[in-house]
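Please keep the sequence and the model in view while reading. The paragraphs go from the whole chain to single residues.

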Amino acid sequence: ISNNITSLFIDSENFLWIGSQVGLQRYDGAHFKNYFSDIANDSALHSDWISDIFEDSQNRLWIGTDEGSAYILNRKTNQFYNCNLRAKPQNKVNSIWHFAEDKNGTIWIAGARGYFNYNEKTKKMDPANHKIGLKEDVISGTLTIDDNNNFWLSTGEGIKYFDSKTKTLFDRSHNPANLTVFNIPQMAGKLLIQNGKLWIPTSYKKILYSYDIKNDKLQNYNFQLMVNAHADSTSEEGFPGNLFTLSDGRLLVFLIGKGFAIYDEPTNKFLNINAENEKSLGYHANLLNAGPGYLVQDAFNNIITGNETGIQIFNNRSPTLSLYNKNFPVAPVSSILPLPKGDLALGFYGMNGGVVIVDSNFIFKKRYALSLEKSSEKNMIWSMFYEGSKIWAPTQTKSMNIVNLPNQTITEAKNFQKNNFIN
């Protein structure tokens with residue numbers, strides 16, 4: 001994996017997609033698949049610098065590149081459709097910031113040449129600045145679409161808002177209601193809407209704004225972080241980067257090259273978490289060459305972050321190490337198998353070991369074993385795999401134990417007993 005992570009995404013099939021400055025990778029929990037550029041192949045990426053990864057409501061996987069086109073990946077053939085290929089000059093996009101999908105299912109792109117949307121008939125990108133009331137020469141930034149299908153835009157002219165029903169653009173120069181959000185003078189990063197608030201990161205002024213859309217209330221936040229942990233430590237302001245909503249509803253903001261902060265709504269304050277590069281279990285960041293930060297959460301609520309130091313995985317609600325042994329066999333764990341709906345199967349390599357089912361917090365649910373009356377190698381599990389609602393578990397006795405999860409039974413498949421062990 002490249003250390004220069006530029007995007008992270010978990011798709012509807014629970015694959016982790018990793019974008020970097022040197023290509024695209026898919027991780028299935030055990031193996032990586034790499035996708036690299038090949039300009040001689042029309043069905044491959046033509047740039048390795050991945051800027052965004054997005055899955056739309058039709059389950060199409062979109063790949064954006066920093067120095068080129070938007071692509072759609074056919075996950076069955078592993079071939080890419082290049083939206084720029086054989087497109088007219090006005091339909092070519094370059095340097096994609098990110099993708100978005102409106103309530104009508106239209107795919108939008110924010111990029112260096114402005115805003116575009118995908119034409120399902122021509123399979124090309126159409127210039128779209130005029131569709132949302134923007135001049136063609138406006139410096140484009142990010143695009144966020146709210147629940148009412150209205151567009152919030154970050155541009156070189158500040159924040160803009162397009163009402164999709166009235167087809168009206170509101171901004172600093174057209175602000176009949178004198179809304180305070182248009183008073184923000186600088187260009188912002190990617191906007192986030194959460195619980196009726198528009199969150200607006202501005203790295204230039206080191207300010208994060210929250211805008212209460214209903215009550216027209218604008219508030220700003222600064223982030224003071226300690227430079228070191230010694231007695232003579234000083235503090236400095238952090239630059240707000242990308243924003244994310246965690247699975248429990250909390251807001252997380254990356255502080256570029258410094259750490260991150262988590263918003264506590266009852267106190268209206270942020271908890272700052274400094275980067276600790278000197279600690280193996282601390283959050284790591286590159287203080288000199290820092291990006292805005294990227295984050296996803298998996299099915300187990302592990303937080304996976306990516307930045308210019310690589311990928312880090314942690315769960316900030318769990319201790320570093322816990323001991324689980326209640327109702328478990330006294331034997332080494334030989335394998336751990338993720339199951340649908342978040343449960344885990346534990347295989348034990350020991351007399352009367354067997355298979356134990358636990359939930360995502362390792363809370364005991366059920367044990368499956370053969371011949372518990374006496375010690376038996378039939379329960380010495382070597383490994384496990386899951387198929388057809390069943391756990392298949394090779395054992396020390398050259399046989400296969402089969403756990404039928406719907407029926408909650410375990411049986412021994414004796415027809416698997418051959419001369420060789422099953423691995």
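The text below begins with the model as a whole and then turns to its parts.

This is a predicted model, in which local features need a pLDDT of at least 70 and side-chain atom pairs count only at pLDDT 80 or more, while totals for chains, interfaces and linings use all residues. Residues are numbered from 1 along each chain as its sequence is written, and side-chain values use heavy atoms, with hydrogens and water left out.

The protein contains 0 helices and 37 strands; here helices (H or I, at least four residues) and strands (E, at least two) are DSSP runs, numbered from the N terminus. Along the principal axes, its C-alpha atoms fill a box of roughly 85 × 60 × 40 Å. Of its 423 residues, 47% count as buried. Buried means under 20% relative accessible area, exposed means over 50%, and partly exposed lies in between, with a 1.4 Å probe and protein chains only. A contact means heavy atoms within 4.5 Å. Among contacts between residues at least 6 apart in sequence, 40% join residues at least 24 apart.

How confident is the predictor? The mean pLDDT, which is the predictor's confidence in each residue from 0 to 100, is 88 for the protein, and 91% of the residues score at least 70. Confidence is highest in strand β16 (residues 168-170), at a mean of 98, and lowest in strand β21 (residues 224-226), at 67. Over residues 229-233 the pLDDT stays under 50, and the model has 2 contacts beyond four places in sequence for this stretch. Where pLDDT is low, the predicted coordinates should not be read in detail.

Beyond its neighbours within four places in sequence, Leu 143 is in contact with His 98, Ala 100, Trp 108, Ala 110, Tyr 115, Phe 151, Trp 152 and Leu 153.

Tyr 118 belongs to strand β11 (residues 114-119). This residue counts as buried because its relative accessible area is 6%. Not counting residues up to four places away in sequence, Tyr 118 touches Arg 60, Trp 62, Ile 72, Tyr 81, Cys 83, Thr 106, Ile 107, Lys 123, Lys 124 and Met 125. Between the C-alpha atoms of Tyr 118 and Ile 357, which are 239 residues apart along the chain, the separation is 46 Å.

On a 1 Å grid over the protein atoms alone, a cavity is a set of points where a 1.4 Å probe fits but cannot get out, and lining residues have an atom within 4 Å of a point. Grid points are joined across faces, edges and corners, and a volume is the space filled by probe spheres set on the points. The count by this rule is 1 cavity of 30 Å³ or more, and the largest cavity has a volume of about 50 Å³. Its lining includes Phe 254, Tyr 283, Pro 292, Asn 307 and Glu 308. The lining residues divide into 6 nonpolar, 5 polar and 1 charged, where Ala, Val, Leu, Ile, Met, Phe, Trp, Tyr, Cys and Pro count as nonpolar, Asp, Glu, Lys and Arg as charged, and the others, Gly among them, as polar.

Most residues other than glycine have a negative phi, and most peptide bonds are trans. Asn 195, although not a glycine, has a positive phi of about 50°, and lies in the loop between β17 (192-194) and β18 (197-202). Asn 195 counts as exposed because its relative accessibility is 63%. Asn 301 likewise has a positive phi, of about 65°, and is found in the loop between β27 (294-297) and β28 (303-307). At 39% relative accessibility, Asn 301 counts as partly exposed.

Asp 248 and Asn 301 are 53 residues apart in sequence and 9.0 Å apart in space, C-alpha to C-alpha. Asp 248 is placed in the loop between β23 (240-245) and β24 (251-255), and its 38% relative accessibility makes it partly exposed. Phe 314, in strand β29 (residues 310-314), is also partly exposed, at 24%. Leaving aside neighbours within four places in sequence, Phe 314 is in contact with Phe 260, Asn 302, Ile 303 and Thr 305.

Notes
1 Å grid on protein atoms, 1.4 Å probe; cavity = no way out; pocket = protein on both sides within 12 Å on 5 of 7 lines; lining within 4 Å.
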